[in-house]
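Dear colleague,

My notes on it follow, and I would be grateful if you read them with the model open.

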Amino acid sequence: MTGQNVRWGILGLGGIAATFAADLPLVPGAELAAVGSRNQATADAFAERYGFARAHGSYTALATDPDVDVVYIATPHAFHLAGALECIEAGKAVLVEKPITLDLASAAQLVQAARARGVFLMEAMWMRCNPAIRKITELIEEGAIGWVSAIHADFGLQGPFAADHRLRAPELGGGALLDLGVYPIHLAHLILGSPASVQAWAHLTPERVDEHTGVLLGWQSGAIAALTCSINGASRNAASITGTEGRIDIPPGFMVPRSFTLSRPDKAPETYEFDFPGSGYQFEAAEVQRCLAAGELESPLVTQTTTLEVMNLLDSIRDQVGVTY
């Protein structure tokens, strides 16, 4: 690394890469070093638009760039594994857009590769790095709502999406679950850990990806989570966490909240507000930089064990609803 700066590269230059790139300058010490695309003209245009120093016309050129410390993998789901492995083999730290891969086996392969090479690896589950979410977990740990008994969360986009859209392409890991369902599932896992029971139902598109999916999770403690995701209708995209002594409501946009409300019996509701610029991707980038400065190979906010446990849940849900990639 160059002094206190962390030199960032971005591999794959689609919409999510653009949003991440726009937020990256909000992180102190983040240096916009290089981008990589399979097309040189695309890389040149992206680098010029967002202020990156270099543009590479191949993923390999970015992975082997000696002046890059960490690479954000922003390709479609199906290409996360190959891109991340190439960067890991080149000794780069990697932040891999969620879901980290298509299934548990490939996720475990990636974790094993990072540990063997001794480089940092983190799944880009930005929700877990969000300041409002972190405050919610703090309040729950302090007992603000008592024993957590139920979690409800939904994430749905208004369709219909064309048959050739990536969300309907099984070869790209399409469907509601991996794009949207990961958020309700990560929220439930964050609060309650891995469940003892997983039950799922889905309606599939003609391409055999899930169009809308319902999941019921159960824990030995007696807690439950009712979660839904959809690419054929806009739901509230909100969440609630209910306990024996209160409830936390996260408004629409729960995956990147700027506020939430704590309600308890015989007390006035308390609303917590978090005003921040950008789209919210800066918090995961800042966490990566904190870890690198501390010499940590994984983040305590999104541990590799967490990533594997959630991927195991996603595999179980897909098995039940009949989706394969």
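Helices and strands here are DSSP runs, a helix having at least four residues and a strand at least two. Please bear in mind that this is a predicted model.

With those terms, residues 133-248 are 22% helix and 35% strand, and the end C-alpha atoms of this span lie 11 Å apart. An unreviewed UniProt entry annotates residues 133-248 as "domain: GFO/IDH/MocA-like oxidoreductase". From the unreviewed entry also comes the annotation "domain: Gfo/Idh/MocA-like oxidoreductase N-terminal", which covers residues 6-123. Over residues 6-123 the chain is 42% helix and 24% strand, with 18 Å between the end C-alpha atoms.

I151 belongs to strand β7, which comprises residues 148-156. Is I151 buried or exposed? Its relative accessible area is 0%, and I151 is therefore buried, since the cut-off for that term is under 20%. Apart from residues up to four places away in sequence, I151 touches L187, A188, I191, L192, I224, A225, A226, L227, S240 and I241.

S240, one of these partners, is found in strand β11, residues 239-243. Because its relative accessible area is 14%, S240 also counts as buried. Besides I151, S240 is in contact with A150, H152, R247, I248 and D249, leaving aside neighbours within four places in sequence.

Finally, I151 may be set against Q289: the two are 138 residues apart in sequence, and their C-alpha atoms are 32 Å apart in space.

With kind regards

Key:
Residues are numbered from 1 along each chain as its sequence is written. This is a predicted model: local features need pLDDT of at least 70, side-chain atom pairs count only at pLDDT 80 or more; totals for chains, interfaces and linings use all residues. Side-chain values use heavy atoms; hydrogens and water are left out. UniProt positions are given in the numbering used here, feature names are shortened, and annotations may be inferred rather than shown by experiment. Buried means under 20% relative accessible area, exposed over 50%, partly exposed in between (1.4 Å probe, protein chains only). Contact means heavy atoms within 4.5 Å.
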